[in-house]
Amino acid sequence: MNILKKNHYFLAIETSCDDTSLCLINNDNIFLKTVSSIKQQNEFGGIVPEIAARSHEENINNCFKQLLNEAKINITNIQAIAYTLEPGLKTCLNVGKIFADSLSLLLNIKAYPINHITAHMFSYAIDNKHIEYPFLAMVVSGGTTAVFKVNSLIDIEILNQTSDDAVGEVFDKVARKLNLGYPGGPKIDMLYDCSRTTITFQKKRSENNSLSFSGLKSAVLNYINNSKHEIDNSKRIEIASSFQKTIIDETLSKLHYYAKLHKVKYITIGGGVAANDYLRSEISKMAIKTYLPLKKYCGDNAAMIGVMCLINLGLW
Ligand code: KG4
């Protein structure tokens with residue numbers, strides 16, 4: 001079935017964490033609908049799996065109906081289904097998988113399981129069909145921080161991964177300490193002021209080439225705990241800006257190291273943190289060719305699951 005039928009779409013489903021994201025995709029159009037349970041999670045300062053799973057169950061049918069309306073198609077115009085199999089929260093993944101399996105039985109079409117992390121690596125290709133191997137992909141999200149060398153679709157080497165916290169997780173924890181709410185990354189990004197990056201956080205030196213962020217996290221939290229004065233808005237901006245510069249500079253320096261070590265055609269970054277404005281402006285200064293996903297495709301979304309499936313099938 002290596003052909004996209006006329007007026008037909010792939011349905012993609014992503015439910016690995018707190019976003020119920022569905023997409024109808026073919027070579028001409030992408031209809032994407034994402035409903036987040038972030039508001040319900042906010043008071044807990046992070047993701048509660050049970051709340052996320054219930055919210056997927058409540059939202060998935062409506063999301064699907066709205067997409068069919070938007071694309072002005074009938075259910076029988078769905079050619080195949082792609083869904084996130086792993087990694088993610090098991091109870092959340094199950095909602096997407098059961099929806100995909102049921103629809104596949106009903107319509108007698110295939111349901112393809114897709115790896116969420118690999119989909120982040122190829123998310124730049126949603127609006128840029130240029131794929132050339134090998135390339136270097138860094139995934140920076142709330143649960144993952146890792147560098148991969150993508151030699152081909154079936155040969156992906158992991159070069160390094162965080163030995164403790166993921167970058168997004170540290171953004172969230174620092175933001176929480178600064179009373180900025182959850183998710184913290186976008187809040188800190190909005191506060192960032194390049195003229196206020198004056199604080200040097202005291203942390204232990206990590207081993208060469210190790211990817212570790214818990215030392216920086218503790219240093220920032222200690223700095224706030226030990227502060228003799230109340231953290232007013234100006235101080236908050238100073239801490240947030242200094243923290244963002246430090247963690248993004250460290251992350252990009254690791255990527256730079258691997259880009260120099262391996263002969264690759266280009267580098268790309270995927271995952272929620274790839275939406276960070278400072279990261280995006282700094283990476284554009286690197287000497288090597290860079291492809292970044294559009295901001296709307298950085299965080300968890302079903303478009304990347306659909307495109308990953310189409311790439312696997314040689315249809316993208
Ligand atoms: O990929 P994602 O949507 O979900 C997973 O974790 O899989 O990433 C969410 C993470 C959160 O930790 C959030 O704070 C972070 O990405 N994030 C950002 C930004 N937007 C989202 N971090 C820094 N700057 C941003 N603009």
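Reader: Let's start with the rings. How many aromatic pairs does the structure hold?

Author: Happy to start there. A pair of aromatic rings is described by the distance of the centres and the angle of the planes. In this predicted model, there are 13 aromatic pairs. Take Phe64 and Phe99: their ring centres are 5.5 Å apart and their planes stand at 80°, so the pair is edge-to-face. Phe64 belongs to helix H2 (residues 49-71) and Phe99 to helix H3 (residues 90-107), so the pair ties together parts that are 35 residues apart in sequence.

Reader: Are Phe64 and Phe99 buried or exposed?

Author: Phe64 is buried, at a relative accessible area of 7%, and Phe99 is buried too, at 14%. The cut-off to keep in mind is that buried means under 20%. For another geometry, look at Tyr133 and Phe135, whose ring centres are 6.0 Å apart with planes at 20°, so this pair is stacked.

Reader: Which residue lies over the face of Trp316?

Author: That is Lys129, at 4.1 Å from the ring centre.

Reader: Where is Lys149, and what does it touch?

Author: Lys149 is placed in strand E7 (residues 145-152). With a relative accessible area of 14%, Lys149 is buried. Its side chain makes a polar contact of 3.1 Å with the side chain of Asn151. Leaving aside residues up to four places away in sequence, Lys149 touches several others, including Phe135, Asp155, Glu157 and His262.

Reader: Now the ligand. How many residues surround the ligand, and which are the closest?

Author: There are 20 residues around it, and the closest are Gly142, Asp172, Gly185, Asp189 and Gly272. For polar detail, look at the atoms themselves. A polar backbone atom of Gly142 is 2.7 Å from an oxygen atom of the ligand, and a polar backbone atom of Gly272 is 3.0 Å from a ligand oxygen. Asn276 uses a side-chain atom instead, a polar one lying 3.0 Å from a nitrogen atom of the ligand. Taken alone, the ligand exposes 550 Å², and the protein buries 85% of that.

Reader: What about Ser21: where does it sit, and is it buried or exposed?

Author: Ser21 is in strand E2 (residues 19-25) and counts as buried, with 0% relative accessibility. A polar atom of the Ser21 side chain lies 2.8 Å from the backbone nitrogen of Ala302. Ala302 is also among the residues that Ser21 touches, as are Asn301, Leu32 and Thr34.

Reader: Last topic, the backbone. Which peptide bonds are cis?

Author: Most residues other than glycine have a negative phi, and most peptide bonds are trans. Here, the bond from Glu86 to Pro87 is cis, with omega near -15°; Pro87 is in the loop between strand E4 (78-86) and H3. Another cis bond joins Tyr182 and Pro183, where omega is about -5°, and Pro183 lies in the loop between helix H5 (167-177) and helix H6 (184-191).

Reader: And where is Asn108, and what is its phi?

Author: Asn108 has a positive phi, near 55°, in the loop between H3 and strand E5 (111-115). It is exposed, at 70% relative accessible area. Asn7 also has a positive phi, about 60°, and is placed in the segment before strand E1 (9-14). Asn7 is exposed as well, at 53%.

Notes. Residues numbered from 1 in each chain as written. Heavy atoms only, no water. Phe/Tyr/Trp six-rings, centres within 6.5 Å; stacked < 30°, edge-to-face > 60°. Helix = DSSP H or I, 4+ residues; strand = E, 2+ residues; numbered from the N terminus. Buried < 20%, exposed > 50% of the residue type's maximum accessible area, 1.4 Å probe, protein only. Lys NZ or Arg CZ within 6 Å of the ring centre and 35° of its normal. Polar contact = N/O pair within 3.5 Å; in protein donor to acceptor, adjacent residues only side chain to side chain. Contact = heavy atoms within 4.5 Å. Near = heavy atom within 4 Å. Areas by Shrake-Rupley, 256 points an atom, 1.4 Å probe, with all protein chains shown as cover.
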